[in-house]
Amino acid sequence: MTGSWAQAAQVLTGPVNFNIDALGTNFWQLTIDGLAYGAIYALVAVGYTLVYGVLRLINFAHSEIFMLGMFGQYAVLLLLGFTPSGNVYAEGTLMTIFFLGTAMLGGMVVSGGAAVGLERLAYRPLRKRNAPSLVFLITAIGASFVIQEFVHYILPQLTNNELGGVNAQIPIRLVAPEEQFSIFGATVTNITLIIVISALILAVATDMFVNRTKFGRGIRAVAQDPTTATLMGVSRERVIMLTFLIGGLLAGAAALLYTLRVPNGIIYSGGFILGIKAFCAAVLGGIGNLRGALLGGLILGVMENYGQVLFGTGWRDVVAFVLLILILMFRPTGILGESLGRARV
Amino acid sequence: MTAPLDSRPRGGVGDGFRLWWNALPRPVQWVFGVPFIALLAALPLLNIPLLTTVGTNFGSVMAQFGMIALIAIGLNVVVGQAGLLDLGYVGFYAVGAYTVALLTSPDSPWNQTGPDGWLSKDWAWLAVLPIAMAITALSGLLLGSPTLRLRGDYLAIVTLGFGEIVRLLADNLEEITGGGRGLSQVAYPRVGVTDQFPLGIFSAGNVGKTLNSGVWWYWVSLFLIIVVLLFVGNLERSRVGRAWVAIREDEDAAEIMGVPTFKFKLWAFVIGASIGGLSGALYAGQVQFVVPTNFNVINSVLFLCAVVLGGQGNKLGVILGAFIIVYLPNFFLGRTEILGIPIDGDSIAEYKYLFFGLALMVLMIFRPQGLIPVRQKLLAYGRQLYVAARRRSEEATTSSGPSTVEVNK
């Protein structure tokens, strides 16, 4: 009997290669790559966390907003005259930055518009009826289906099969990964640099917007106490629209950064798992907390990168979810807690 | 999380029917119920023209409906009654299916149907059924005990993570679960072996005729649904059910009133899980083949939709929700006309998620409580109160206009 148990244990642990050496030798490389991935999670997570902070709603369709952003930036690149071939264009540094910037703006416009439109069409009627939170969640799921299927079936018919459909888009690649410099023996590519720098700028800008400006004060006021905020002259509807807009804009920016990293990821179902991860990141940091979402994204990105080397590529998502469950067991409201609405003394 | 409260004036057809039904004595309810169940069971055999699916076999559709209905009943215990948002229910379905597959498939290292196993080949499925339920209940306990202290949306994401973890385990533990190849030749009840059906009536090979394996599985699941409904219905009317409602409506208030909320939440989770496991075991037996892709998160979402669509908290409502989710896409498949009006059924079936999403959004705006909403009864007095209320409302209507008696909360 003991033999069979040992055998069972061996079968169980067989496919899990516990490769601690690889983790040790590649530690800094993994950290840097993980940070780049985590920066993308962080930007998407902000959309979840702001909407949750203001409306107490899991915007399940936010992953689809992100997916629309990928298509938005792709469409802009098509309009700029690029033909999808999968080869890398060499446009010179300045022009590349210009094209990337334009594409990012395109993605942001599409995502931001879609997020605001979603709020108007799907959530506002429910808010008027004082629907319970599960109803919002189901509507969000319904909207998620509709947006995915729109890109899956309807968009190709509207665009003469240029966009959407069953298959992923043939990538338009503007930047080839190229080593720029190295820290602690880890190579930093230009793509990593672009992702980290853009994400940093956007994160700081969002943080300043929410914590320093008049609009940001309105968001925090509504998150803290909608009724009192309304009495103090804050327009709740406008604040809600604003939070959806910020979330959408950041998702659109993240969409461009993501396609730099994963050029073949532009597909109608491409937002789903990333959305779940970003939501995990938001919960990890403390949902409703802006800085928590940014921190949670980075932690998740780095940890799952360690995990996939330690246990094998297939275990990457498992590491992410187990990490989430573990952290919530010990800190039930996330690492930084829910504090978007807490008053500043 | 609060259950949708209905502000419409009472007294529609549905409420009238409900009042009448609840006032009937139990034996009379059975007298009406049995022929109705018999009719439901006979549906796949009657071949009603507008009801029967064209593109796929109606028996298999009904078998699938039976399984999803079981799942909806189980998920309804968790979501509808105890108010715990579970987005990873498919995980329990997968655990149930994989338990059966691991113990009975020849591809599995833990196969017990071989020469030195302890399962007979013909009855392996039935023997494994309680094991599958027990293991799924255990997995519910394992997931629930650390996570049920979390509230609302945190619980939702943790359960969603659990559902994904189960699927990824099935995908990654290749030596045991066969990974993406899955496990084939899962056991099924090998009964009714004749020359015509050399592998028995429950074999997936029994196809094409009116009385195919799908119909047999539909009947099995119908029987299990009735058993589970009786069990869950009794629970609902007991102390446990009252505790669940109290937790759903206001957890803090329930705790203050002396309800051990954690314990009852865990009960709801474990009972819901074991029903999910039962359905998973049915699935494994019916298709005799399990692969990880059948247990995607999207299925969890669909199950939740069945519950909310039908009316969370209402057992018959969620069964209707399950029927709609399974039946509608299959209804349009291969259909070229409805009542003489030509339609392109295949492309409608292809766009099913689009229509489905739109329907969910519209439904949530106009009927957020679901198609058959639950009515909150004064559970402690139950039947007596109904009888009394009905008598008094009848007196009131005969003497002076509409009744003012408010039986429903």
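Which residue is the bridge partner of A:S182 in β2(A)? The partner is A:T187, and we will come back to this pair once the whole picture is in place.

**How to read the model**

This is a predicted model, in which local features need pLDDT of at least 70 and side-chain atom pairs count only at pLDDT 80 or more, while totals for chains, interfaces and linings use all residues. Residues are numbered from 1 along each chain as its sequence is written, and chains are lettered from A and ligands numbered from 1 in the order in which they are written.

The model as a whole scores ipTM 0.81 and pTM 0.84. For chain B, the mean pLDDT (the predictor's confidence in each residue, from 0 to 100) is 81, and 87% of the residues reach 70 or more. Within chain B, helix α11 (residues 261-287) has the highest confidence, at a mean of 93, and helix α16 (residues 382-399) has the lowest, at 61. Over residues 400-409 of chain B the pLDDT is below 50, and this stretch has 17 contacts in the model beyond near neighbours in sequence. A contact here means that the C-beta atoms of two residues, placed from the backbone, lie within 7 Å.

**The two chains**

Here are the chains side by side. Helices (H or I, at least four residues) and strands (E, at least two) are DSSP runs, numbered from the N terminus. A residue is buried if 20 or more other C-beta atoms lie within 10 Å of its own, exposed if 12 or fewer, and partly exposed in between, with C-beta atoms placed from the backbone.

| Chain | Secondary structure | Buried share |
|---|---|---|
| Chain A | 13 helices and two strands | 49% of 345 residues |
| Chain B | 16 helices and four strands | 47% of 409 residues |

Along its principal axes, the C-alpha trace of chain A spans about 70 × 55 × 40 Å. Take the contacts between residues at least 6 apart in sequence: in chain A, 78% of them join residues at least 24 apart, and in chain B the share is 75%.

**Inside the core**

A nonpolar core is a set of buried Ala, Val, Leu, Ile, Met, Phe, Trp, Tyr and Cys residues joined through C-beta atoms within 7 Å. The largest one has 221 residues, and A:A42, A:L43 and B:C305 are among those with the most contacts inside it. Helix α3 (residues 27-55) of chain A gives the largest share of this core, 18 residues. Leaving out residues up to four places away in sequence, A:A42 touches several residues, including A:A199, A:A281 and A:L298.

Helix α8 (residues 214-224) of chain A has buried residues too, among them A:G218, A:I219 and A:R220. The cover over the buried residues of α8(A) includes α3, α7 (190-212), α9 (226-231) and α10 (236-261) of chain A.

**Where the chains meet**

The contact between the chains takes 38 residues from chain A and 39 residues from chain B. On the chain A side, α6(A) gives the most, with 13 residues. By class, that side has 31 nonpolar, five polar and two charged residues. In this count Ala, Val, Leu, Ile, Met, Phe, Trp, Tyr, Cys and Pro are nonpolar, Asp, Glu, Lys and Arg are charged, and the others, Gly among them, are polar.

One residue to look at is A:V146, found in helix α6 of chain A. Why is A:V146 counted as buried? Because 24 other C-beta atoms lie within 10 Å. Setting aside residues up to four places away in sequence, A:V146 touches B:L354, B:G357 and B:L358.

**Back to the hairpin**

Strands β1 (residues 179-183) and β2 (residues 186-189) of chain A pair in the antiparallel sense over four bridges. Two strands pair if DSSP finds at least two bridges between them. Besides the pair from our opening, A:S182 with A:T187, A:F181 has A:V188 as its bridge partner. The hairpin has two residues between the strands, and A:F184 takes a positive phi near 50°. β1(A) is hardly covered, and the count of buried residues among its five residues is zero.
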